[in-house]
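Let's take a friendly look at the open spaces and the aromatic rings of a protein chain. Keep the structure in view as you read.

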Amino acid sequence: MKAFIGTGVALITPFKQDLSVDVEALKKIVQYNIDGGVEYLVVLGTTAETATLTKEEKALVKQTIIDANNGKLPLVLGVGGNNTADIVNQLNADNLKGFDAILSVSPYYNKPTQEGIYQHFKMIAEKSPLPIIVYNVPGRTGSNMLPATVVRLATDFKNIIGIKEAAGDMVQAMELIRNTPNDFLVISGDDIITLPMVLAGGAGVISVIGEAFPKEFSQMVRLGLNRNVDEAYKTHYKLTDAINMIFEQGNPGGVKELFKHLNLCENYVRLPLVNVNQDLSNRLADYLKKF
């Protein structure tokens, strides 16, 4: 699936002071990323604070992004959770209209075995009308989807086209790249090791920092894919401090603070998340001035 090679960005949900969805700011952010040259947009992922959105708000966010994008970039919809039957029920034409693939996180909190993870994605694969990118993020789910399980899924189900791999483990990432089918996409879910993963044979990234610096980050990934290593690493090291800072006090608080300094949206988040402190806000502002 060439559409998902390169840089995808996990879009935030901007809020107004009353914590309602800021539709106009969301349109601006979509256009900012289109203009910045990213390859695709990811809608209602973790970075979108999806866990705190109502059903009506999710529908509003989806339609706003579809309209703002206007067919320019491929769209990936987050459809995941720890209730397999509920996810399957969401895999209908109305819910998926306007999207090109789904991103589905490994079940969290339940802590299933590897067989349980396999059976979860097996049921989703058998029901989904769209290609599936599975998502491994042990720091949030409490369990690691092992390479052997991913290889099994990639081999058994042709509509499971890739994995967003966010274990932060280069050895595990290389094992995935080495053992999955050649057309299977191993996508970085960790901004800081995106370039090393790409150079090892990965397909790109689903990024958070990339939505604040779409031009620079997507160009770095393209340079990596084209094996322009030295030039790619110049950008990598230029962005390293920003990547570390935006995750220092949680996501998406950090990137929303960057967006505030970029005059794209306000920095409001919903509880249980809170804003970054003033010290981090000042450091992000200083970084932007120097950048």
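## A pocket and some rings

The second largest pocket has a volume of about 320 Å³. Of the 21 residues lining this pocket, Y135, G189, D190, V208 and F247 are the closest to its centre. A pocket here is an open set of points on a 1 Å grid over the protein atoms alone, where a 1.4 Å probe fits, with protein on both sides within 12 Å along at least five of seven lines; lining residues have an atom within 4 Å of a point. The volume is the space filled by probe spheres set on the points.

This is a predicted model, in which local features need pLDDT of at least 70 and side-chain atom pairs pLDDT 80 or more, while totals for chains, interfaces and linings use all residues. Residues are numbered from 1 along each chain, and side-chain values use heavy atoms, without hydrogens and water.

Now for the rings. Rings of Phe, Tyr and Trp (its six-membered ring) pair if their centres lie within 6.5 Å; planes under 30 degrees apart are stacked, over 60 edge-to-face, and the rest tilted.

| Pair | Centre distance | Plane angle | Type |
|---|---|---|---|
| Y118 and F157 | 6.0 Å | 45 degrees | tilted |
| Y233 and Y237 | 5.6 Å | 25 degrees | stacked |

Is Y118 buried or exposed? Y118 is buried, at 5% relative accessible area, where buried means under 20%, exposed over 50% and partly exposed in between (1.4 Å probe, protein chains only). F157 is buried at 11%, Y233 is partly exposed at 23%, and Y237 is exposed at 58%.
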